Amino acid sequence: MDNGDWGHRMTTPVTLNVGGHLYTTSLSTLQRYPDSMLGAMFRGDFPTARDAQGNYFIDRDGTLFRYILNFLRTSELTLPVDFTETDLLRKEADFYQIEPLIQCLNDPKPLYPPDIFEQVVELSSTRKLSKYSNPVAVIITQLTITTKVHALLEGISNNFTKWNKHMMDTRDCQVSFTFGPCDYHQEVSLRVHLMDYIMKQGFTIRNTRVHHMSERANENTVEHHWTFCRPAHKVED
């Protein structure tokens, strides 16, 4: 193969099906790191799989592969500020054996400059569910907001006056507002309005989680948690 044929082959588009997501790139990009799994794969060191359309198939996380591919293109790791799947991306980088990317993920740059810190708001919904009703009935619900951002709590207190609530100081100078008890429909309406109010103050959702507990023979407790964050400037003492 002469140099012209080789150069054409290296720039010819290659389409990959990664977990159902299609990506098109060049062979030279995929072989940027020859010692990686992709470098070996497209060097012909081990067999490749194809989907029904003839695209190369890799049975991995298709959504996260965009960050893998962008790193191959630029040799720089660029993630959204609200990115929450670093552990999963680290596993993907380990699978593809891209050593420079693994190093970037193990020694990440600070999320914010030194004069910026992150303010956090926790919103939780607690629902007690009857085990024996069909369909399952919500017996009681309540919502709790916990944060150190007192201006946000003051705004919530002034804007949600019709709701039954009480305030409680917690550890680490945090304060909690608990709304309720209320019925299911009231809780959904209140939660939607609270989340909208919090995000209008510049917060974005960082992560969500669900926790199931069984406290009594006839009821279950389900807790939903949302974490909101926003950057803020540090104030000099």
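**View 1. Gln-97 in the loop between helix 5 and helix 6.** Gln-97 is placed in the loop between helix 5 and helix 6 of this predicted model. Its phi is positive, about 55°, although Gln-97 is not a glycine. The relative accessibility of Gln-97 is 39%, so the residue counts as partly exposed.

**View 2. The packing of helix 5 against helix 6.** Two packed helices are described by the angle between their axes and the distance between the axes. For helix 5 (residues 86-96) and helix 6 (residues 99-106), the axes come within 9 Å and cross at roughly 160°. Because this angle is over 145 degrees, helix 5 is roughly antiparallel to helix 6. The crossing of the two helices is left-handed. On the side of helix 5, the contact is formed by Thr-86, Leu-89, Arg-90, Ala-93 and Asp-94, which meet Leu-101, Ile-102, Leu-105 and Asn-106 of helix 6. Sorted by class, this contact of helix 5 with helix 6 comprises 5 nonpolar, 2 polar and 2 charged residues.

**View 3. Leu-88 of helix 5 and Leu-64.** Leu-88 is found in helix 5. With a relative accessibility of 39%, Leu-88 counts as partly exposed. Between the C-alpha atoms of Leu-88 and Leu-64 the distance is 8.2 Å, while the two residues are 24 residues apart in sequence.

View 4. Helix 4 spans residues 65-74, and its buried residues include Phe-65, Tyr-67 and Ile-68. Leu-69, Phe-71 and Leu-72 of helix 4 are buried as well.

View 5. Helix 4 is followed by Ser-75, which is found in the loop between helix 4 and helix 5. Ser-75 is not a glycine, yet its phi is positive, at about 60°. Ser-75 counts as partly exposed because its relative accessibility is 34%.

**View 6. The largest nonpolar core.** This core has 28 residues. Those with the most contacts inside it are Leu-16, Leu-38, Phe-42, Phe-65, Tyr-96 and Ile-98. Two or more residues are given to this core by each of strand 1, helix 2, helix 3, strand 4 (56-58), helix 4, helix 5 and helix 6. The greatest share comes from helix 4, which gives 6 residues. Another core, of 21 residues, lies apart from the largest one and has Leu-123, Trp-163, Phe-203 and Phe-228 among its members.

View 7. Arg-206 lies in strand 9, which runs over residues 204-216. The relative accessibility of Arg-206 is 17%, and the residue therefore counts as buried, the cut-off being under 20%. Although Arg-206 and Asp-82 are 124 residues apart along the chain, their C-alpha atoms are separated by 5.7 Å.

Conventions. Residues are numbered from 1 along each chain as its sequence is written. This is a predicted model: local features need pLDDT of at least 70, side-chain atom pairs count only at pLDDT 80 or more; totals for chains, interfaces and linings use all residues. Side-chain values use heavy atoms; hydrogens and water are left out. Axes are lines fitted to C-alpha atoms, for helices over the stretch in contact, and angles run from 0 to 180 degrees between N-to-C directions. Helices (H or I, at least four residues) and strands (E, at least two) are DSSP runs, numbered from the N terminus. Angles under 35 degrees count as roughly parallel, over 145 as roughly antiparallel, 65 to 115 as roughly perpendicular and the rest as oblique. A crossing is left-handed if the near helix is turned anticlockwise from the far one by less than a right angle, and right-handed if clockwise. Contact means heavy atoms within 4.5 Å. Ala, Val, Leu, Ile, Met, Phe, Trp, Tyr, Cys and Pro count as nonpolar, Asp, Glu, Lys and Arg as charged, and the others, Gly among them, as polar. Buried means under 20% relative accessible area, exposed over 50%, partly exposed in between (1.4 Å probe, protein chains only). A nonpolar core is a set of buried Ala, Val, Leu, Ile, Met, Phe, Trp, Tyr and Cys residues joined through side-chain atoms within 4.5 Å.
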